[in-house]
Amino acid sequence: MTSRMEEILGALDDACVALDGDWRIVYANAEAARLAGESAEALIGLNHWEKWPHLVGSRLEEEYRRVAQGQGTAQFEHQVLVPDAPDPLWLEIRVHPSNQGGVILFFRDIGVRKQADAQAAGRLRRETLIKRIAESALRAEGPRPVLETAVAGLAEELGLDRCYYVLHDPARSVGTITCEWRRPDLPSFAGEYVLTEYAEDVSPFYQMGRLQVVDDTNAPGLGAKIPLSKQLLDLLGLTALVRAPLSAGSAITALVAGMTGGPREWKSDEMELIQAVASETAEVVQALQVQEKNRRIATVLQDALQPRIAHDIPGVSIDVYLKPALDEANVGGDFYDVFPVQQERYAFVIGDVSGKGLEAAAQVSTVRNMLRAFLYQGASPSQAASYLNDVVTANDLLVGFATLFVGVYDMRDRSLRYALCGHELPIVLSGDDVRTLQTCGPPIGVDRGVAYTENSITLLPGDLLALYTDGLSEAGPNWRTLLGSDGLTSILRQRVSSGQSEGMATGVVADVAAYAEGRLRDDACLIIMQWGDAEVLAAHSQTLIDHTQSRVSPILPNAPQEPVPLAPLPVRSWSERHVDEQFRLLVESVADYAIFLLDPHGQIKTWNKGAERIKGYAGSEIIGKHFSIFYTTEDVQRGHPLDELAIATSEGRYEEEGWRVRKDGSRFWANVVITALKDESGGLYGFAKVTRDVTDRRRAEEVRIQNMRDQISRSFLRDILYSVTEGRLRFCEHDSELPARAPCRVDDTEFDRFGLAGVRADVRQSAISLGIHDQRLNDLVTAVSEAAMNAVVHAKSAQYSVCEHREAIQVWIKDYGNGIELSQLHRATLERGFTTEDSLGHGFWLMLHTCDRIWLHSSSAGTTLVLEQDTAPPDPLWLGRPPEVSNFAGARTSAERN
């Protein structure tokens with residue numbers, strides 16, 4: 001071998017060895033000598049198989065001899081046992097024939113890469129296990145299915161003999177093995193164990209709050225190191241174990257991974273996985289417990305908010321449906337109420353408070369109870385709506401607004417007097433005739449001082465009245481094709497014509513949900529009232545005539561026969577009774593607002609439940625104290641509380657938002673309204689103060705403003721990306737803006753970094769079948785390869801679909817990573833070389849230059865890319881038509897140009 005050739009081979013990073021036809025070593029460079037552990041001179045002349053006899057019969061010998069016989073070249077990976085070395089050596093080997101009848105070998109140490117690949121594969125499997133545990137919680141109705149998923153997955157991943165959870169009850173000194181997984185040939189040990197019988201004290205273990213690791217339960221001195229009962233371990237047959245508390249300190253549950261066949265040296269990554277599974281299940285179980293607690297609270301609240309309706313209205317059948325949009329809350333802003341108010345008069349109410357969930361439901365109680373109070377006192381529907389609106393606007397009792405239908409039905413003449421306050425128009429079916437009731441004013445809480453009008457209709461036998469919320473009329477498969485009142489009317493008529501009156505409300509909602517393709521996006525409420533035949537109504541009317549003198553209202557004794565206007569509440573001095581009894585009880589029961597009275601000097605005179613809940617003081621410890629106790633030290637020092645009273649005195653009312661202090665010293669962001677109370681001569685006798693904790697609203701408003709800014713940025717960015725890429729890149733703000741999916745050849749198939757070749761192969765096969773060849777085929781495969789690589793780099797694994805129609809092929813790539821940050825989107829898509837990972841950053845740049853069209857939707861839940869390539873190349877630019885000039889102000893029309 002020439003000195004020049006030796007110089008070149010000696011400079012290689014790869015090891016190089018040349019063997020002659022008799023398998024003698026005729027050359028070895030420095031890297032080969034290093035791997036062999038000897039000098040290059042000592043290797044020259046040695047027979048390869050005599051030097052390394054343990055390689056005889058291995059794949060290396062098979063490949064070396066095949067190449068030496070002139071059957072091409074060979075390249076493969078092989079694990080080689082090196083004498084006196086602690087671990088085998090992973091080599092990448094390339095074998096080439098030599099001109100002298102032997103072979104030339106090139107090989108490199110790939111142990112680090114193999115170790116990294118193994119670690120990555122292990123991380124992927126373990127991340128998949130954690131994800132599987134979390135996903136099982138979405139379908140679980142309790143903790144047990146989650147725990148069973150965890151022990152089965154952990155046992156499979158680590159090759160365990162046993163895996164289970166143990167629940168400790170220190171008070172009873174009992175441990176319970178539950179959710180047990182075991183090898184099929186092992187007996188079950190699920191059940192209770194009295195720990196005192198086995199002399200096991202678990203309290204030190206829980207106090208440590210960390211893993212308890214035992215490689216060999218038969219090791220001497222085990223009991224002195226770890227609080228484990230050898231007797232109990234022998235009963236369970238455990239010879240090695242890891243025990244992890246589900247939370248530190250006060251935990252009463254542990255996850256146990258065990259072996260029965262002998263000692264096991266637990267590796268650090270195995271212990272990390274056990275700890276991760278324990279932590280994940282602890283969080284999931286705690287979340288499920290909280291969810292179950294909230295569900296019970298929500299159920300009680302829902303029952304309280306929706307009292308039993310009066311179904312015993314002679315001649316009228318009533319069917320009701322109510323379903324909140326948020327399943328986890330079971331309550332929402334929609335509500336209904338049907339109750340008797342006076343002799344043979346019944347109130348029909350349906351409403352929709354803006355918002356969803358518990359926050360909206362809390363305001364429902366305020367609206368519904370106040371409305372009931374006004375109607376009980378004899379107010380007409382329009383008066384009740386006006387009084388309600390005045391109270392909630394004057395005291396800022398609603399975060400948003402409420403739409404409302406308030407009706408009072410009189411059994412004697414079958415008349416329904418109603419006020420419709422910005423609500424969905426009720427539907428009346430009378431045979432073939434369809435009517436909608438007319439609105440009588442804006443929603444409640446929008447503007448102070450609104451005087452609502454009132455209408456009336458007469459309901460005859462056979463008539464049907466449907467009251468509903470916008471969760472039904474605004475249902476639809478998307479926002480462009482909503483059902484509307486006409487669609488709901490059509491569904492009602494079909495149900496009526498079918499003759500099924502029982503369960504009609506549920507049936508109508510089912511039809512609406514089917515139109516919306518399975519799910520209602522908003523709270524939904526529906527009341528359907530149907531009037532019976534004339535004989536029932538006539539008989540009831542005669543009964544009224546016969547007994548009207550002897551009947552008294554079950555609600556209010558000596559109630560007037562006709563609604564009377566409510567007089568304004570009288571202004572009284574402190575020595576008099578200041579508040580009407582019913583209104584006082586109502587205020588005291590409100591739990592969402594601190595409502596209390598002050599004397600002219602700011603001393604607290606009354607206290608309600610809302611004040612106790614928000615501020616933390618009981619009435620007995622706060623009444624008589626100065627209201628400045630709720631203000632921060634800085635506000636008190638600058639005299640702000642007294643300034644508020646001064647402004648309220650001069651202007652009649654003071655309102656602000658600011659920090660207030662609870663009894664425990666914590667702060668909250670409060671909306672405060674102070675109203676001066678004056679007698680008929682204008683003399684001040686005190687103040688009414690309403691405080692609302694709006695900390696969550698403030699945070700929500702900050703989030704809303706940020707989301708609005710993001711929305712504006714995203715819309716602007718969408719137009720910019722579309723423009724600068726000449727329409728190739730279409731940034732989608734919602735997944736509904738992605739293109740319609742063509743018929744799929746390959747549908748939602750999982751892949752990771754080891755499956756990239758399969759993705760490319762499926763795309764290539766589909767493209768060829770559609771007639772895409774040559775450069776456009778290679779361009780498409782390049783774009784797909786980059787998109788798929790991006791997915792596994794940023795999200796480890798993903799899904800792909802290959803869809804096709806006559807004119808184009810679509811490739812969908814979806815991952816579940818963190819998405820692309822909005823602030824980095826323009827760089828990630830347009831800047832060549834930009835990357836947020838330790839990888840080449842040419843992905844989007846290459847895709848935009850090799851694909852006809854790309855749709856991109858990215859959010860914190862993941863990223864979806866749709867790559868589309870036409871079967872035929874686009875026309876050259878010189879064949880295209882020039883773009884039309886828009887006829888906006890300043891642009892000339894075609895007539896002007898001519």
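Is strand β13 (residues 334-342) largely enclosed by the rest of the structure or exposed, and how many of the nine residues of β13 are buried? Eight of the nine are buried, so β13 is largely enclosed by the rest of the structure. Buried means under 20% relative accessible area, exposed over 50%, and partly exposed in between, with a 1.4 Å probe and protein chains only.

## Basis

This is a predicted model, in which local features need pLDDT of at least 70 and side-chain atom pairs count only at pLDDT 80 or more, while totals for chains, interfaces and linings use all residues. Residues are numbered from 1 along each chain as its sequence is written, and side-chain values use heavy atoms, with hydrogens and water left out.

## The chain as a whole

The chain has 28 helices and 31 strands. Helices (H or I, at least four residues) and strands (E, at least two) are DSSP runs, numbered from the N terminus. Of the 898 residues, 45% count as buried. The accessible surface of the chain comes to about 45800 Å², and 52% of it belongs to carbon and sulfur atoms. Accessible areas come from the Shrake-Rupley method with a 1.4 Å probe; for residues, only the protein chains shown count as cover.

Among contacts in the chain with a separation of 6 or more, 59% are between residues 24 or more positions apart. A contact means heavy atoms within 4.5 Å.

## The sheet that contains β13

Five strands form an open sheet in the order β13-β14-β15-β16-β19, with antiparallel pairing. Because β13 and β19 (455-458) stand at the edges with a single partner strand each, one side of each is left without a neighbour in the sheet. On average, neighbouring strands of this sheet are turned by 20° against each other, direction ignored. Helix α13 (residues 381-394) packs on the sheet and touches β15 and β16, its direction making about 25° with that of β16. Such axes are lines fitted to C-alpha atoms, for helices over the stretch in contact, and angles run from 0 to 180 degrees between N-to-C directions.

β13 pairs with β14 (residues 345-353) in the antiparallel sense over eight bridges. Two strands pair if DSSP finds at least two bridges between them. D334 stands opposite D352 in β14. The hairpin of β13 and β14 has two residues between the strands, and E344 in this hairpin takes a positive phi near 60°. Further along the sheet, β15 (residues 402-410) and β16 (residues 415-421) pair in the antiparallel sense over seven bridges, with L404 opposite C421 in β16. The loop between β15 and β16 holds R414, which is not a glycine but has a positive phi of about 55°. R414 is partly exposed, with a relative accessible area of 23%.

## A second open sheet

Another open sheet of five strands has the order β12-β21-β20-β17-β18, with antiparallel pairing. Its edge strands are β12 (316-323) and β18 (433-436), each of which pairs on one side only. The twist averages 15° from one strand to the next.

Within this sheet, β17 (residues 427-430) and β20 (residues 464-468) pair in the antiparallel sense over three bridges, and I427 stands opposite A466 in β20. Helix α15 (residues 484-498) lies across β17, β18, β20 and β21 (524-531), running at about 35° to β17.

## Cysteines

A search of the whole structure finds zero disulfides. A disulfide is a pair of cysteine sulfur atoms within 2.5 Å. The closest cysteine sulfur to that of C421 is in C440, 7.1 Å away, too far for a bond. C421 counts as buried at 0% relative accessibility, and C163 is buried with a relative accessible area of 0%.

## Other residues

W90 is found in strand β4 (residues 89-97) and counts as partly exposed at 26% relative accessibility. Leaving aside neighbours within four places in sequence, W90 is in contact with E77, H78, Q79, R108, D109, I110, G111 and K114. W90 and H78 are 12 residues apart in sequence and 5.8 Å apart in space, C-alpha to C-alpha.

D599 is placed in the loop between β22 (594-598) and α19 (609-615) and is buried, with a relative accessible area of 9%. A polar atom of the D599 side chain lies 2.8 Å from the backbone nitrogen of Q603. D774 lies in helix α25 (residues 774-795) and is exposed, with a relative accessible area of 63%. D774 has a positive phi of about 55° although it is not a glycine.

Definitions and conventions. Polar contact = N/O pair within 3.5 Å; in protein donor to acceptor, adjacent residues only side chain to side chain.
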